Amino acid sequence: MQSTCALFLSVRYHFRHPKHILRRIDEVGRNFRLRVLLVLVDDEENQAALTELNKIAFATNFTMIQAWSNQECARYLETFKAYENKSSSSIQAREETEFLPRLQKVMTAVRSVNKTDVTTLMDVFGSFSAICAAEEAQLMLCPGIGGKKLKRLLQVLHEPFEGQKKPRADTTTDKAQGIAPSSSHEKPSDPAKKYEVDGWTNSRTDIVNALREGDPERDTKAEAVPPSNPIEPPEELVEEDNEELNDSIVFGYE
């Protein structure tokens with residue numbers, strides 16, 4: 001199987017002979033690994049023709065390339081012929097192996113910093129670690145490093161990396177002083193929780209409602225659970241004033 005073939009077609013010719021390209025594709029068959037359909041766009045009304053040719057190329061496993069002059073078509077054919085028997089590594093980007101070109105590639109990613117600036121910094125400081133450790137006054141003495149360029153360079157060199165975790169707060173001192181660390185995940189108190197007051201257990205809701213309404217009979221309606229050493233409650237609860245109640249409700253006395 002041969003490697004590459006190319007079929008040439010102009011848009012004007014396709015308008016006159018729309019079945020010509022289909023016949024040529026059938027003649028080529030499957031005898032080539034890379035099959036190129038080189039189209040010369042020589043007509044202003046080309047949208048419908050290019051859409052149709054693109055569908056044909058996709059269905060028949062051709063790579064469609066468009067050119068707008070005969071010279072451009074010729075350059076494409078020359079390039080395909082020159083690289084016909086070469087591997088893909090010949091057109092891949094080459095990785096630099098020496099230190100200075102690699103450092104220039106990294107540092108020129110900073111806006112307005114060019115390769116000359118990187119070479120100057122290396123001549124002055126001698127290493128990349130020394131550049132990172134240099135102070136603002138030292139960098140300002142380097143030729144070609146102005147105010148804006150220096151500000152951007154310092155920001156990149158000393159700014160923390162994205163996603164870096166912040167250090168946790170040290171709670172050792174608080175623990176030594178007996179201070180409990182604050183927590184934002186503490187559960188709210190349960191209104192149905194039982195509270196034991198003078199030997200009698202009542203829910204918080206009942207206590208609060210009794211305090212708000214000032215109803216002495218409501219106090220006795222609270223769910224009572226006899227303690228281990230039951231104490232008889234008084235027959236009547238003493239209430240000083242319905243509007244100003246005491247902070248606690250007394251259910252029994254020794």
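These exercises, each with a worked solution, walk through one predicted model.

The model is predicted, so to speak of local features a pLDDT of at least 70 is needed, side-chain atom pairs count only at pLDDT 80 or more, and totals for chains, interfaces and linings use all residues. Residues are numbered from 1 along each chain as its sequence is written, and side-chain values use heavy atoms, with hydrogens and water left out.

**Exercise 1. The chain as a whole**

Task: State how many helices and strands the chain has, and what share of its residues is buried.

Solution. 
- Start with the elements. Helices (H or I, at least four residues) and strands (E, at least two) are DSSP runs, numbered from the N terminus. The chain has twelve helices and five strands.
- Next, burial. Buried means under 20% relative accessible area, exposed over 50%, and partly exposed in between (1.4 Å probe, protein chains only). Of the 254 residues, 27% count as buried.
- Last, contacts, meaning heavy atoms within 4.5 Å. Among contacts with a separation of 6 or more, 56% join residues 24 or more positions apart.

**Exercise 2. Confidence**

Task: Find the mean pLDDT of the chain, then inspect residues 183-187 and 218-225.

Solution. 
- pLDDT is the predictor's confidence in each residue, from 0 to 100. Its mean over the chain is 75, and 61% of the residues reach 70 or more.
- Where pLDDT is low, the predicted coordinates should not be read in detail.

**Exercise 3. An aromatic pair**

Task: Classify the pair formed by Tyr-76 and Phe-80.

Solution. 
- Recall the rule. Rings of Phe, Tyr and Trp (its six-membered ring) pair if their centres lie within 6.5 Å; planes under 30 degrees apart count as stacked, over 60 as edge-to-face and the rest as tilted.
- The structure holds one aromatic pair. In it, Tyr-76 and Phe-80 are 6.3 Å apart centre to centre, with 25° between the planes, so the pair is stacked.
- Locate the residues. Both lie in helix α4, four residues apart, about one turn of the helix.
- Tyr-76 is partly exposed at 29% relative accessible area, and Phe-80 is partly exposed at 23%.

**Exercise 4. Thr-4 and its contacts**

Solution. 
- Compare sequence and space. Thr-4 and Val-36 are 32 residues apart in sequence and 7.7 Å apart in space, C-alpha to C-alpha.

**Exercise 5. Positive phi**

Task: Locate Asn-61 and Ser-112, and give the phi of each.

Solution. 
- Asn-61 is not a glycine, yet its phi is positive, near 65°. Asn-61 sits in the loop between α3 (47-59) and β3 (63-67). With 52% relative accessibility, Asn-61 counts as exposed.
- Ser-112 is not a glycine either, and its phi is positive, about 75°. The loop between α5 (99-107) and α6 (115-125) holds Ser-112. Ser-112 is partly exposed, at 37% relative accessible area.
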